[in-house]
Amino acid sequence: MSDDLRDLYQDLILDHGKHPRNFHTLPNANHEALGHNPLCGDKITLYVSVDDKGVIQDISFQGSGCAISVASASMMTEMLKGKTTAEAAKLFDYLHKSCTGKDADETGLDEDATDRIKALSGVRDYPIRVKCATLAWHTLQAALKNEKKVSTE
Ligand code: ZN
């Protein structure tokens, strides 16, 4: 990755950390879960509205945490709106592999989403931060399985 690209990705994370998108409750959500990362103190509540075809119609979050956890949640809500829960699961797998330094296959994945995930995957140099970057995604999995709470511990 070039330095320019790295700077761009860093700006993206800072911007989302300071000005999170889709930061509100969702009255018509049919899935909801609370995610907690005790190592860092990040806490987010995720709201998801999924239709009967498995398409994420709307997704939002609230909570507080470090810049990485908030930026990750914010970017996740932006990239998953309009996608199916199956696509969301594939992107989570891609994120998890990217953040832990494993080979991640981006075949068939939305390029805009994988670019954003690459921005976040810079955390793999800081293992403790991986839990911050993946918290929103773990919370999404819990919400979709109708588990009310998830902890990274
Ligand atoms: Zn954190």
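User: How are H3 and H5 oriented to each other?

Analyst: H3 and H5 are roughly antiparallel, the word for an angle over 145 degrees. Helix H3 (residues 85-99) and helix H5 (residues 127-144) pack at about 155°, and their axes are 11 Å apart. Axes are lines fitted to C-alpha atoms, for helices over the stretch in contact, and angles run from 0 to 180 degrees between N-to-C directions. Helices here are DSSP runs of H or I with at least four residues, numbered from the N terminus.

User: Which residues of H3 and H5 make the contact?

Analyst: On H3 they include Ala88, Leu91, Phe92 and Leu95, and on H5 they include Val130, Ala133, Trp137 and Leu140. Contact means heavy atoms within 4.5 Å. By class, the residues of this H3 and H5 contact are 11 nonpolar, five polar and no charged. Ala, Val, Leu, Ile, Met, Phe, Trp, Tyr, Cys and Pro count as nonpolar, Asp, Glu, Lys and Arg as charged, and the others, Gly among them, as polar.

User: Where do these numbers come from?

Analyst: The model is predicted, and local features need pLDDT of at least 70, side-chain atom pairs count only at pLDDT 80 or more, while totals for chains, interfaces and linings use all residues. Residues are numbered from 1 along each chain as its sequence is written, and side-chain values use heavy atoms, with hydrogens and water left out.

User: And H3 with H4, are they roughly parallel or antiparallel?

Analyst: H3 and H4 are roughly parallel (an angle under 35 degrees). H3 and helix H4 (residues 111-120) pack at about 30°, with axes 9 Å apart. Leu91, Tyr94, Leu95, Ser98 and Cys99 of H3 meet Ala113, Thr114, Ile117, Lys118 and Leu120 of H4. That contact has seven nonpolar, two polar and one charged residues.

User: What about H2 and H4?

Analyst: Helix H2 (residues 67-80) packs against H4 at about 170°, with their axes 10 Å apart. This makes H2 roughly antiparallel to H4. Ser72, Met75, Glu78 and Met79 of H2 touch Ala113, Arg116, Ile117 and Leu120 of H4. The residues of this contact are five nonpolar, one polar and two charged.

User: A new topic: how many disulfides does the structure hold?

Analyst: The structure holds zero disulfides, where a disulfide is a pair of cysteine sulfur atoms within 2.5 Å.

User: Is Cys66 buried or exposed?

Analyst: Cys66 counts as buried, at 16% relative accessibility. Cys40 is partly exposed, with a relative accessible area of 34%. Buried means under 20% relative accessible area, exposed over 50%, and partly exposed in between, with a 1.4 Å probe and protein chains only.

Conventions: Helix = DSSP H or I, 4+ residues; strand = E, 2+ residues; numbered from the N terminus. Parallel < 35°, antiparallel > 145°, perpendicular 65-115°, else oblique.
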